[in-house]
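I opened this model to look up its salt bridges. My notes follow.

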Number of protein chains: 2
Amino acid sequence: MRRNIYLDMKPPEEALALFLQHLSRKGFPGSENISVLDAVGRTTALPVHAILSSPHFHTAAMDGFAVMAESTFGAGPDRPITLRIGRDAWPVNTGRPLPTGTDAVIMIENVNFVDDETFEIEQGLVPWRHVRRVGEDFVASEMIIPSRHVVTPYEAGALIAAGVLSIEVVRKPKFLFIPTGSELVSPEVLRERPLEPGETLEFNTVILSGIVAQAGGEPVHHTIIPDEFEDIKDAIRKGVESDAHVVVVNAGSSAGSEDYTAAAIGELGEVLVHGVAMMPGKPTILGIVGDKPVIGNPGYPVSAVLSFEVFGLPLLGEMLGRPRQRRPTINAMVARKIPSKLGQEEFLRMKLGKVGDRVIAAPLPRGAGSITTLTRADGILRIPSSQEGVDQSSLVQVELLRNIAEIEHTLVIIGSHDLTLDILADELIERNVFLSSSNVGSLGGLLALKNRTSHMATSHLLDTETGVYNWSYIRRYIPDIPVKVIHGVRREQGFIVPKGNPKSVKDFHDLLRGDVTFINRQAGAGTRVLLDYHLQRLGLDAAEIKGYDTEEYTHTSVAVAVLSGVADVGMGVLAAARALDLDFVPVAVEQYDFVIPMEHMEDEKVLKLIDVVRSDRFKKRVNDLGGYGVEKTGEEIPAP
Amino acid sequence: MRRNIYLDMKPPEEALALFLQHLSRKGFPGSENISVLDAVGRTTALPVHAILSSPHFHTAAMDGFAVMAESTFGAGPDRPITLRIGRDAWPVNTGRPLPTGTDAVIMIENVNFVDDETFEIEQGLVPWRHVRRVGEDFVASEMIIPSRHVVTPYEAGALIAAGVLSIEVVRKPKFLFIPTGSELVSPEVLRERPLEPGETLEFNTVILSGIVAQAGGEPVHHTIIPDEFEDIKDAIRKGVESDAHVVVVNAGSSAGSEDYTAAAIGELGEVLVHGVAMMPGKPTILGIVGDKPVIGNPGYPVSAVLSFEVFGLPLLGEMLGRPRQRRPTINAMVARKIPSKLGQEEFLRMKLGKVGDRVIAAPLPRGAGSITTLTRADGILRIPSSQEGVDQSSLVQVELLRNIAEIEHTLVIIGSHDLTLDILADELIERNVFLSSSNVGSLGGLLALKNRTSHMATSHLLDTETGVYNWSYIRRYIPDIPVKVIHGVRREQGFIVPKGNPKSVKDFHDLLRGDVTFINRQAGAGTRVLLDYHLQRLGLDAAEIKGYDTEEYTHTSVAVAVLSGVADVGMGVLAAARALDLDFVPVAVEQYDFVIPMEHMEDEKVLKLIDVVRSDRFKKRVNDLGGYGVEKTGEEIPAP
């Protein structure tokens with residue numbers, strides 16, 4: 001079994017510097033001459049100078065009459081001066097040229113007509129009053145935009161004003177993406193047939209192409225190459241010989257038995273870097289073949305993207321001659337302690353939200369295979385290699401993936417998971433509010449309120465003695481925080497089982513059977529409280545349940561565990577079972593509510609949420625999910 | 001003479017609200033189904049749900065061997081467990097499916113081979129270790145992106161991963177731009193012939209189109225319509241009947257004798273707003289014809305852009321179903337007092353720069369005809385209608401036109417103008433530094449250092465007693481600020497006169513002649529100090545110079561004044577005369593320097609500027625301008 005060995009593990013900055021140093025400008029894109037009408041977003045290859053001055057003639061800046069200023073000298077309220085149209089004054093509109101011999105404009109508002117041909121003025125004018133003189137904005141030969149500059153719409157207009165119809169821009173650097181992997185299939189197969197087990201849809205290329213196009217490059221797609229050394233080598237060689245400026249092989253960059261990328265680059269040219277001290281993104285290869293840079297990009301989508309952003313984008317910038325782009329950053333407080341491994345720079349995807357006057361950052365899961373950790377992220381937190389993570393409540397700088405205004409319009413809910421949160425999110429967008437929800441269970445939600453890291457909690461904690469939801473927990477865990485409770489939904493809880501319920505799970509007693517594997521929710525989840533309550537009520541011993549200690553964090557994950565055969569049964573809501581076409585055995589109806597601190601009750605985002613929750617459209621959409629009751633949805637539940 | 005009367009002057013927010021209220025959804029673009037590959041940047045019409053789970057099979061998360069976790073239970077350093085390949089363990093690579101019957105992966109690093117067919121392990125595995133389970137990222141039916149959402153590259157990838165190949169997006173709202181104005185000509189005429197006096201190039205459409213395209217709409221251009229009522233009315237009617245969703249008439253929106261837009265809209269439909277209390281942008285018309293919105297946009301380019309951004313962009317957002325986009329803002333300190341008129345919201349274009357730890361904002365000229373006040377702007381400061389301007393050093397919020405990183409890489413020079421500053425700017429960009437230079441004269445530059453609003457001053461102030469430049473002024477005006485002086489250039493100062501020097505201006509005595517009109521520089525400008533010095537030396541009385549009190553702020557403006565016949569002669573540098581093909585009568589050689597506070601001498605941007613100034617390439621480019629000496633350029637000039 002052949003295995004590559006990483007050459008070494010360079011820090012990302014060092015690896016990038018080495019890579020950029022070795023670039024040959026011979027492989028860089030040249031320039032091309034294009035119409036200014038197509039120039040927005042392109043990068044200038046040379047400074048652009050005005051051909052015409054602007055304005056290019058003396059221009060009336062007001063509607064009125066053009067005059068010789070001298071002919072108005074001495075006019076005053078007590079001694080008006082009379083001017084005759086066609087002899088002393090000529091009508092002129094804004095933007096029109098001054099008649100020869102005139103040097104000022106009287107505003108129409110300041111004219112008192114005597115008759116059709118004469119008028120009086122009561123105020124004299126200095127020369128060039130209300131006139132835009134030749135070259136007032138800029139003069140011929142002046143530099144309008146410098147080189148290495150991305151043309152904006154404003155500038156395209158200024159260039160036309162300057163009489164410049166075409167400019168020299170840098171050709172778009174062409175990035176050839178070669179997807180490799182015997183397990184990969186083109187998404188197009190889905191048009192023909194369903195996916196087979198073991199087949200993975202190739203989608204990294206779509207993401208990387210989008211990134212390149214947005215940054216001013218031109219992506220080109222190669223067909224998928226299987227994990228065969230000669231095929232990969234061949235594709236790289238042809239890519240380098242083509243008109244592409246950069247070749248990106250995705251993936252085969254790791255040290256597995258079928259990772260041929262490094263060896264292929266090595267045989268064709270030089271591998272400068274194999275292995276970078278970053279996480280995700282470690283198995284990155286940076287090489288040169290002929291005059292062209294070749295990147296071996298890791299296979300996990302998040303690794304592929306982050307590695308490409310660290311190495312591919314600066315390369316693109318270098319080719320465009322553009323200064324390095326950095327994302328804007330925001331100062332944020334981390335919601336909880338985040339450990340990180342020494343010796344590698346970690347790139348954490350973060351959710352952000354502004355609670356009170358603090359921006360709160362919470363890490364998303366780390367899995368580099370989970371593309372949703374990028375799509376859901378508001379920002380990236382880089383933890384340096386010298387640091388063993390960050391402590392709860394410490395201040396960090398987060399690179400923004402969305403604009404700050406969007407973060408400021410984000411409502412942060414931390415607490416219990418429910419599928420209606422998706423509907424809430426969708427409805428809130430129409431009201432210009434973005435929803436960030438973290439699923440940590442009901443109790444975790446209350447504790448987040450205590451830490452002031454959310455605008456509200458979602459909770460369904462049953463007081464088994466009184467039968468009242470949430471209030472006793474609120475009093476116990478956050479006694480110092482005055483809150484309102486707004487009723488969300490009633491929902492059916494039950495056993496989620498495979499289609500046809502093969503193990504015939506009917507009640508809580510069945511969970512203790514030797515042939516039944518259970519999947520549990522985490523401690524502090526309302527669903528777990530409900531389970532424990534019923535077990536206790538029936539005198540059943542949780543320790544006898546196989547899988548009681550295996551925990552998932554959402555209803556959906558429980559359903560997935562059942563669907564995939566990890567467990568035979570889990571407890572959750574009907575909607576989760578329905579979504580995955582599983583069967584459902586109802587065992588209880590419970591109450592799911594919003595717990596909102598008084599200090600946020602006037603927050604516009606919170607008010608809009610309440611507005612949505614009380615709307616008929618929301619109730620109808622929830623009802624359509626099945627297993628929900630919305631009779632009292634949106635009502636305030638007073639403390640008992 | 002027919003004149004329109006503004007209906008009233010609504011505050012912008014009120015005008016917009018009224019406009020959006022009156023929109024008919026019948027005129028809105030519908031949706032269309034497009035490939036996910038084309039979806040980046042488009043807005044979803046509906047929420048998009050996963051068709052496949054991701055992963056859609058249990059997947060190895062590491063390279064190694066797939067096993068039944070149970071078969072590893074109990075392994076330890078002292079009691080290794082032996083596994084046989086093909087019976088207990090199966091080789092597997094990252095991303096590949098787990099063989100049926102296995103539920104965990106042993107990392108290849110943890111395997112000790114006994115022979116080709118067996119290996120030992122010293123550590124047991126829990127079930128599902130190093131396995132990405134079905135649906136771990138997301139499950140079929142889960143919402144991947146909500147409606148009214150702009151698709152990112154990351155999300156395009158996630159959609160493919162979810163088995164979604166095409167999605168429903170909002171059609172691009174089509175904006176028809178109708179340029180009107182008898183003075184307007186298409187830029188294309190420049191390919192045929194030079195511009196004639198009175199002809200204005202139509203370029204507003206290029207800018208507005210770029211803005212619409214960047215915001216997700218589709219711009220369409222109408223040919224230019226002359227200022228004829230029926231023609232304009234006809235074009236609007238046809239536009240409304242076409243497949244355009246919005247018709248924008250630019251301009252004819254004011255109250256001049258040839259401003260027909262309001263009347264035309266009024267005859268075809270309803271004028272909701274004519275006149276908005278904003279500056280620039282006042283003569284804006286908002287109307288409805290049939291089911292379609294019609295905007296009458298002001299003619300000055302800056303007015304056209306700002307008005308369109310206040311009314312056109314929110315309309316586009318409304319049609320896309322997108323929440324209102326707001327530009328990110330930055331807190332800044334205004335460099336000087338800015339007066340503003342009560343009763344109208346003023347939109348000031350600002351230069352921004354970070355000096356020390358403060359962001360400094362300085363207003364650009366107000367002229368709505370000067371497109372460069374937009375192209376040069378880093379941000380927009382809105383002064384509310386209730387406010388009579390802002391005081392010097394007050395804190396304001398500025399809407400950003402560039403990203404913050406760019407502002408932070410901006411070197412702020414305030415002081416005397418010289419044409420070499422353009423070359424400096426162009427050279428600095430390569431070093432990732434952006435130059436912001438404000439021309440306030442040498443003395444103004446020193447006072448800016450005192451106010452700590454710039455990184456350095458440019459100055460050429462001659463001490464007429466000692467013949468030494470700058471130092472005596474530094475001691476007098478900024479005695480408490482330790483500075484270094486770096487020599488910039490030597491340059492020729494002289495009289496800028498029209499081609500052929502028709503008034504035969506040869507020396508300072510000629511400036512006093514009755515037939516000669518002079519154009520002066522502002523008080524505090526080094527060039528004015530030089531003029532005054534020579535007048536005094538020769539015993540000439542400045543009061544006798546016609547035009548002595550007419551002031552311009554740059555060498556170029558002086559040259560423009562001469563070129564356009566405003567004056568017969570002005571004083572300035574050779575390069576300014578050359579740029580406009582004027583004649584030049586040299587009268588003195590002077591020294592132009594950089595004055596840099598010690599506190600900024602370690603600033604990376606300042607170091608890079610010094611680096612550029614000392615480079616051979618910079619010196620050569622300056623030399624090529626003519627009239628400059630660069631023998632000692634870049635040397636430090638010690639205090640005498």
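**Salt bridges**

I counted 87 salt bridges over all chains of this predicted model. The term means a side-chain nitrogen of Lys or Arg within 4 Å of a carboxyl oxygen of Asp or Glu.

I noted the conventions: this is a predicted model, where local features need pLDDT of at least 70 and side-chain atom pairs count only at pLDDT 80 or more, while totals for chains, interfaces and linings use all residues. Residues are numbered from 1 along each chain as its sequence is written, chains are lettered from A and ligands numbered from 1 in the order written, and side-chain values use heavy atoms, with hydrogens and water left out.

**Within one helix**

I looked at B:Asp234 and B:Arg237, whose closest N and O atoms are 2.4 Å apart in a salt bridge. Both sit in helix α4 (residues 229-241) of chain B, three residues apart, about one turn of the helix. Helices are DSSP runs (H or I, at least four residues) and strands likewise (E, at least two), numbered from the N terminus.

**Across the sequence**

Next I took B:Asp418 and B:Arg491, a salt bridge with closest N and O atoms 2.5 Å apart. B:Asp418 is in the loop between β27 (410-415) and α9 (420-430) of chain B and B:Arg491 in strand β30 (residues 483-497) of chain B, so the pair ties together parts 73 residues apart in sequence. Both B:Asp418 and B:Arg491 are buried (under 20% relative accessible area; exposed is over 50%, partly exposed in between; 1.4 Å probe, protein chains only).

**A network**

I found A:Arg148 in a network of salt bridges with chain B residues including B:Asp426 and B:Arg621.
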